Amino acid sequence: MKKIISGIMELNLPNKLTLLRIVLVPVYLVLLAYGMNFLALIVFAAASITDALDGKIARKYHLITNFGKFMDPIADKLLTHTAFIMLCAMGRLNVVACIIFIAREFVVSGLRLVAVEQGHVIAAGMSGKVKTVLQMALVLLLTVTSGNIVTDIVMLAAAAMTLYSMIEYVWQNRAVLGGAK
């Protein structure tokens, strides 16, 4: 236990924020499962803020690490996809929207892996960032309500942007799929 605590203490602030986001995932789930929606909302909002902060701090202070490059996207997917699945299981999130959200990440992650093997890096684009904001807004809304016209509109917008983002990533990086360097 001492080694774990020592290892965590040695991490820089952005990496600690990433770990905090991972720790907050089960907290969000338990609160949501037990109907403590407002507390779940606060936890998800706090976790979402760590997502924005860790990257900004890492870039500003040149604290980018391999640990951060590896764990940050995992923490992001754990947070959002766990929420999607739980909200879908609770009947708050449309199953098709949930599938779109998760499928997009498989496609883009797979594309990035192929690109890395070919020596390319696929940076996050603006459509991916807009997609993330819409998805997180949707989770926040669905955490405190089972649905209404506003949540339906945000869900449709998030699903549409998610599909657009996936198509854009694939189209802009189609040479990677052909094996071109």
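**Close-up views of the predicted model**

View 1. Leaving aside residues up to four places away in sequence, proline 14 touches Asp54, Ile57, Ala58 and Leu63. Its C-alpha atom is separated by 21 Å from that of valine 121, a residue 107 positions apart from proline 14 along the chain.

**View 2. Valine 23, an exposed residue of helix α2.** Valine 23 lies in helix α2. With a relative accessibility of 52%, valine 23 counts as exposed, because the class begins over 50%. Between the C-alpha atoms of valine 23 and leucine 79 the separation is 9.5 Å, although 56 residues set them apart along the chain.

**View 3. The largest pocket and its centre.** The volume of the largest pocket is about 1500 Å³. Its lining comprises 42 residues, and those that lie nearest the centre are Asp51, Asp72, Pro73, Asp76 and Ala124. Two or more lining residues come from each of the elements α2 (13-33), α3 (37-60), α4 (66-89), α5 (95-117) and α6 (126-144).

**View 4. Composition of the pocket lining.** Helix α4 gives the most to the lining of the largest pocket, contributing 9 residues. Sorted by class, this lining holds 18 nonpolar, 13 charged and 11 polar residues.

Notes. Residues are numbered from 1 along each chain as its sequence is written. This is a predicted model: local features need pLDDT of at least 70, side-chain atom pairs count only at pLDDT 80 or more; totals for chains, interfaces and linings use all residues. Side-chain values use heavy atoms; hydrogens and water are left out. On a 1 Å grid over the protein atoms alone, a cavity is a set of points where a 1.4 Å probe fits but cannot get out, and a pocket is an open set with protein on both sides within 12 Å along at least five of seven lines; lining residues have an atom within 4 Å of a point. Grid points are joined across faces, edges and corners, and a volume is the space filled by probe spheres set on the points. Helices (H or I, at least four residues) and strands (E, at least two) are DSSP runs, numbered from the N terminus. Ala, Val, Leu, Ile, Met, Phe, Trp, Tyr, Cys and Pro count as nonpolar, Asp, Glu, Lys and Arg as charged, and the others, Gly among them, as polar. Buried means under 20% relative accessible area, exposed over 50%, partly exposed in between (1.4 Å probe, protein chains only). Contact means heavy atoms within 4.5 Å.
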